[in-house]
Amino acid sequence: MLISAVQTKGFVGAVLGLILSALIAGCGSKTADVATPSVVNSTLIHNALILDGNGGEAKLGAVRIEDDAIVSVGVLSPLDGELVVDANGLVLAPGFIDTHSHHDDEGALRKNLDALPMLTQGITTAVFGQDGGHQLPLADFLTDFDSNPPAVNIAAYVGHNTLRAHIMGDDAKRPASAAEVEAMQALLLSELESGALGLSTGLEYVPGIYSHRDEVISLAATTAEQGGRYISHVRSEDRFLWDAMAEIIDIGRQTGIPVQISHIKLAAKSLWNQAPELLEKLNAARAEGIDITADVYPYEYWASTMWVLLPDRDADDLEEIAFVLEQLTPASGIIFTKYEPNPDYINLSVAEIAKIRGTSEVQTFSDLLKESEAWSQANDGAQAEMIMGRSMTEADIETFLQWEHSNVCSDGGFSGHPRGHGSFPRVLARYVRDRQVLSLETAVAAMTSRAADHMGFADRGRIAPGMKADLVLFDPESVQDHAGIRDGQVLSTGIDSVWVNGQQVLKEGKSTDVFAGRVLRKTS
């Protein structure tokens, strides 16, 4: 029996049926334990409905953990002295892997080692260094977490924008010279030696937006030579989307590197409902031998800066701003999560601020952008504003979630957009239980084994002997996100327990104050 057939109110009945079937089958099971000596350092999670992460049917059984690893799965009997956890028929899955996280921004995870917004989503591993930015030098960032681990595992990419800014300094708003590209390659190699998974780019952001494709290909080729991967916030997610897709496909074609599209989306009215056409192009690339994948978060709103809407970075171009508000995101759908010149504007939209000011929406957008830029310049370049923009449709989100080569991500942090607190439970609640767009098995696979494969994690993302014991126990009938667009920092519920490297870090939805996370480094 598949959970996909019993995703909603029939789930409890299905569990009882599975229990009965398992008891009958267990009478002659070859996997049942025989008498063995006590193992005092083991944990047995029994009476669980196990989803192994591969997308297959659920099975009632137990999982035994010794130290940091899973040692056996099946119909198991408790050992003398063993810690026994009764799962009470809840779903036990591999820990969820967030392939695109910003929970490290501004040292937030360092200040919140319990990682509750992550654990209450079932996240056990978060991947940083996204959108072309990372902490330089990476070795210091990672070794700091070695010394003071959080409750979750972390890994990181090397960011192209960080490399570019370090090598080119204040003169980075132009194509790089051959010598500068070589210097970036040398710095990249040094950073990769710290254990980074590969190279990330943010080609819609400064200074990456000024890079030529040849520069990016050169850096990707260097990464490929070291066995690394490539992940990208592509050059455009709206008006120039097709060129941006052609670019990332070409990077994979020329270098042979695995390429992942960060937070895949169609963020313009003219592109809505074209997700099938985009996936057709990506599938054609895969048929050609290009290892291209994507991650996706389950919201119609994105989060970034106002500048990302203006490729030419001209705040006085009112005609361009009018196009943005008409075709990309309406003034009512641009909501501030940060606005340093006037913090009272937080949680207000551009449309609402225009009414307060008595100016047009176009002029208000222009004025707000110029005021934020003046504040930034007066404060040593500090970030002055952040917004959420509504640009996507649910139909496209559902199509991307259903693609067999996509995985779920949050693209979120401890503040701002609700995705940092709710992405994974939102998929389970809205797209599995409520809308029945995905089966539970498929959704869990998109959060676990697919994500692990896309990041190159060989020992996580599945429940099987020898895998690391990152596990999440949850109730598929009650799991729910609660964070909203104007109330983004509300914890999700329905995630009962979480284990990281064999240690329980969340119990009955509460932190255990155990910090079992590790730095996951790519090895040569």
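Me: How many nonpolar, polar and charged residues does the lining of the largest cavity have?

Reply: The lining of the largest cavity comprises eight nonpolar residues, one polar residue and two charged residues. For this tally Ala, Val, Leu, Ile, Met, Phe, Trp, Tyr, Cys and Pro count as nonpolar, Asp, Glu, Lys and Arg as charged, and the others, Gly among them, as polar. The model is predicted, with local features needing pLDDT of at least 70 and side-chain atom pairs counting only at pLDDT 80 or more, while totals for chains, interfaces and linings use all residues. Residues are numbered from 1 along each chain as its sequence is written, and side-chain values use heavy atoms, with hydrogens and water left out.

Me: What is a cavity here, and which residues line the largest cavity?

Reply: On a 1 Å grid over the protein atoms alone, a cavity is a set of points where a 1.4 Å probe fits but cannot get out, and its lining residues have an atom within 4 Å of a point. Grid points are joined across faces, edges and corners, and the volume is the space filled by probe spheres set on those points. Searching the whole structure gives four cavities of 30 Å³ or more, and the largest cavity holds about 60 Å³ of space. Its lining consists of His263, Ile264, Lys265, Leu266, Val296, Tyr297, Tyr299, Met392, Asp396, Ile397 and Phe400. Helix H13 (residues 394-402) gives the most to this lining, with three residues.

Me: Which residues of H6 are buried, and which are exposed?

Reply: A residue is buried under 20% relative accessible area, exposed over 50% and partly exposed in between, with a 1.4 Å probe and protein chains only. In H6 the buried residues are Glu180, Val181, Met184, Leu187, Leu188, Glu191 and Leu192. They lie on the same side of H6, because they cover an arc of only 135 degrees around the axis, the arc being that of the directions from the helix axis to the C-beta atoms. On the other side of H6, Ala178, Ala179 and Glu182 are exposed. The cover over the buried residues of H6 includes helix H4 (138-147), strand S9 (158-159), helix H5 (160-168), strand S10 (198-202) and helix H7 (213-225).

Me: Which residues of helices H9 and H10 are buried?

Reply: In helix H10 (residues 318-328), Glu320, Ile321, Val324, Leu325 and Leu328 are buried. Their arc around the axis is only 135 degrees, which puts them on the same side of H10. Helix H9 (residues 275-287) has Ala275, Leu278, Leu279, Leu282 and Ala285 as buried residues. Seen down the axis of H9, these fall within an arc of 115 degrees, so they line one face of the helix, whereas the face turned away from the buried side carries the exposed residues Glu280 and Ala287. Helix H8 (241-255), strand S12 (259-261), strand S13 (292-296) and H13 are among the elements covering the buried residues of H9.

Me: Where is proline 175, and is it buried or exposed?

Reply: Proline 175 is placed in the loop between H5 and H6 and is exposed, with a relative accessible area of 53%. Contact means heavy atoms within 4.5 Å, and, not counting residues up to four places away in sequence, proline 175 touches Arg164, Met168, Glu180 and Tyr210. Its C-alpha atom is separated by 9.6 Å from that of proline 207, 32 residues apart along the chain.

Me: What is the phi of aspartate 67, and what is that of aspartate 380?

Reply: Aspartate 67 has a positive phi of about 55 degrees although it is not a glycine, and phi of aspartate 380 is near 55 degrees, also a positive value in a residue other than glycine. Aspartate 67 counts as exposed at 53% relative accessibility, and aspartate 380 counts as exposed at 80%.

Terms used:
Helix = DSSP H or I, 4+ residues; strand = E, 2+ residues; numbered from the N terminus. 1 Å grid on protein atoms, 1.4 Å probe; cavity = no way out; pocket = protein on both sides within 12 Å on 5 of 7 lines; lining within 4 Å.
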